[in-house]
Amino acid sequence: MALPLNIDLRQILLHLFNFAILSGGLYFLLYSPVKKFMDERERSFREKTETADEKLRHAEELEAANSMEKSRLDAESASIKSKAEAEASTLCGEKIAEAEARAEEIVAAAKLEGEREKRAIIDGAGEEIERLAIETTEKLLSETTYDSFISYALSEKRKERAGAVGEPQDGG
């Protein structure tokens, strides 16, 4: 059977049969393992994605729980802080009041002590003035002063008499 253009039908059929065998062999040798590998890989990625999504949801839940716990703890710490500040303010006020009272006591005691010292100084000065006045009076009234006064007075008197007696003599 000769066909035009020198085409041999048997050769075409043999080539088709070889191609079918080659395609079948390649399908069983390559396509099937590759398809199986690709399916397993796709399943593995899907499982990893699902696991990652589940872990992400779990992490988000933990983050939300931690955020709520943090908010609760922040509120609690703010409450404790405000209580501590109020207590510190109260204690500070009490300490200031105590210090002011103590300062007033010290000032009052210092004023009393100052008044006492002032009176003591004034009393001491009065006694000193009194003592000096007595000494001065004693010195003025002492015999030596009195004697010197008398001596002075007598000498003046003598001078007067001598002057009166000597005048006629000078004149004559």
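Helices in these views are DSSP runs of at least four residues, numbered from the N terminus, and the model shown is a predicted one.

**View 1. E113 and R116 in helix α1.** The side chain of R116 forms a salt bridge with E113, and the closest N and O atoms lie 2.5 Å apart. Because R116 and E113 are three residues apart in helix α1, about one helical turn separates them. An α-helix has 3.6 residues a turn, so residues three or four places apart point the same way. R116 counts as partly exposed because its relative accessibility is 47%, and E113, with a relative accessible area of 33%, is likewise partly exposed.

**View 2. The course of helix α1.** Helix α1 covers residues 9-141, and with its 133 residues it reaches 182 Å from its first C-alpha to its last, which is close to the 198 Å expected at 1.5 Å a residue. At Y27, α1 bends by about 40°.

**View 3. A nonpolar patch on the surface.** The residues L5, I7, L9, I12, L13 and L16 form a nonpolar patch on the surface, and together they have about 580 Å² of accessible area. One of these residues, I12, is found in helix α1, where its relative accessibility of 37% places it in the partly exposed class, since that class lies between the 20% limit for buried and the 50% limit for exposed residues.

**View 4. E42 and R46.** A salt bridge joins the side chains of E42 and R46, with a distance of 3.4 Å from N to O. The two residues, E42 and R46, are four residues apart in helix α1 and are therefore separated by about one helical turn. E42 is partly exposed at 46% relative accessibility, and R46 is partly exposed at 42%.

**View 5. R131 and E135.** In this pair, R131 forms a salt bridge with E135, for which the closest N and O atoms are 2.5 Å apart. As R131 and E135 stand four residues apart in helix α1, their separation is about one helical turn. With a relative accessibility of 37%, R131 counts as partly exposed, and E135, at 32%, also counts as partly exposed.

**View 6. A network of salt bridges.** Salt bridges link E69, R72 and E76 in a network. When a salt bridge is taken as a side-chain nitrogen of Lys or Arg within 4 Å of a carboxyl oxygen of Asp or Glu, the count for the model comes to 10 salt bridges.

Technical notes: Residues are numbered from 1 along each chain as its sequence is written. This is a predicted model: local features need pLDDT of at least 70, side-chain atom pairs count only at pLDDT 80 or more; totals for chains, interfaces and linings use all residues. Side-chain values use heavy atoms; hydrogens and water are left out. Patches are made of residues with over 30% relative accessible area and no salt bridge: like charges are joined within 9 Å, nonpolar side chains (Val, Leu, Ile, Met, Phe, Trp, Tyr) within 5 Å. Accessible areas come from the Shrake-Rupley method with a 1.4 Å probe; for residues, only the protein chains shown count as cover. Buried means under 20% relative accessible area, exposed over 50%, partly exposed in between (1.4 Å probe, protein chains only). The expected span of a helix is 1.5 Å times one less than its number of residues. The bend at a residue is the angle between axes fitted to the seven residues ending there and the seven starting there.
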